[in-house]
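Please take a look at the entry below. A brief report on selected features is wanted.

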Amino acid sequence: FSKRRAVKAYGLEESRIHVFPLKPAISTHRIEKNKTVIQKYGIDFPYIFYPSQFWPHKNHIYLLKGIKKLEEKYNIKIGLVFAGSDKGNLQYIRDYTRKLGLEGRTRFLGFVENDEIPLLYSESISLVMPTYFGPTNIPPLEAFQIGVPVLYSDKDGLKEQVGNAALLMDLKRPETMADHLKNLVEDSSLREYLITEGKEQLKVIDNIDSIKVLESILED
């Protein structure tokens, strides 16, 4: 929950709600350049990556619509790689993938071991995360750590997490995802800019002294 939603939902005083910055997983600090992981999962196309459990609010369907828009609007064909366990919505996403004719360039990896995740990030065009909830989402921070561009939800409580380091998507308009991907594929300077900004955003997070914040809370 963001502070604003916690205040509204539970009637809490905002001064008593503290949001701690999360950190990327330790495994993202090291990348084994081993293409056998890509071969293992049969990924033989350029792709965007979304590691997330298959809950409806994680909005996997938005990626399918966005990729289809990218093909229809710009004649650019890239694929999707999903990593995450089924929480009740996987079959619906599989069915919709077939409906759009995207099954040939979509991979559902299920649960993926920690040591495989960094390479799946690093070989991708971008992390694309159209979730409805945050701001405690780890994947953008992992992408920043590895040096991968991020497309993220343009919603209050989420966009503050990424600052200037991500391209923001209108969750009502999948074509915004398509537009961003088109620019990202065609403009290498945009890619480098986002990677640099991602590293800077991690520095901002690292400079927040969580221990001192916690001490002040306990003292209060």
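This is a predicted model: local features need pLDDT of at least 70, side-chain atom pairs count only at pLDDT 80 or more; totals for chains, interfaces and linings use all residues.

Residues are numbered from 1 along each chain as its sequence is written, and side-chain values use heavy atoms, with hydrogens and water left out.

**Core.** The largest nonpolar core holds 61 residues. A nonpolar core here is a set of buried Ala, Val, Leu, Ile, Met, Phe, Trp, Tyr and Cys residues joined through side-chain atoms within 4.5 Å. Ile48, Phe82, Leu120 and Met177 have the most contacts inside this core. Helix 3 gives the most to it, with 6 residues. Contact means heavy atoms within 4.5 Å. Leaving aside neighbours within four places in sequence, isoleucine 48 touches residues including Leu63, Ile67, Val81, Val128, Met177 and Leu181.

**Around helix 3.** Helices (H or I, at least four residues) and strands (E, at least two) are DSSP runs, numbered from the N terminus. Helix 3 spans residues 60-74 and includes isoleucine 61. Buried means under 20% relative accessible area, exposed over 50%, partly exposed in between (1.4 Å probe, protein chains only). Isoleucine 61 counts as buried because its relative accessibility is 15%. Beyond four places in sequence, its contacts are Tyr92, Ile93 and Tyr96. Asparagine 89 is 28 residues away from isoleucine 61 in sequence, and their C-alpha atoms are 10.0 Å apart.

Most residues other than glycine have a negative phi. Two asparagines have positive values: asparagine 59 and asparagine 75. Asparagine 59 sits in the loop between strand 1 (47-51) and helix 3. Asparagine 75 sits in the loop between helix 3 and strand 2 (79-83).

| Residue | Phi | Relative accessibility | Class |
|---|---|---|---|
| Asparagine 59 | about 65 degrees | 7% | buried |
| Asparagine 75 | near 55 degrees | 64% | exposed |

**Helices 8 and 9.** How do the axes of helix 8 (residues 174-186) and helix 9 (residues 188-206) cross? They come within 5 Å and cross at roughly 105 degrees. Helix 8 is therefore roughly perpendicular to helix 9, a class that runs from 65 to 115 degrees. Axes are lines fitted to C-alpha atoms, for helices over the stretch in contact, with angles from 0 to 180 degrees between N-to-C directions. Helix 8 contributes Asn183, Leu184 and Glu186 to the contact, and helix 9 contributes Ser188, Leu190, Arg191 and Leu194.

Notes
Angles under 35 degrees count as roughly parallel, over 145 as roughly antiparallel, 65 to 115 as roughly perpendicular and the rest as oblique.
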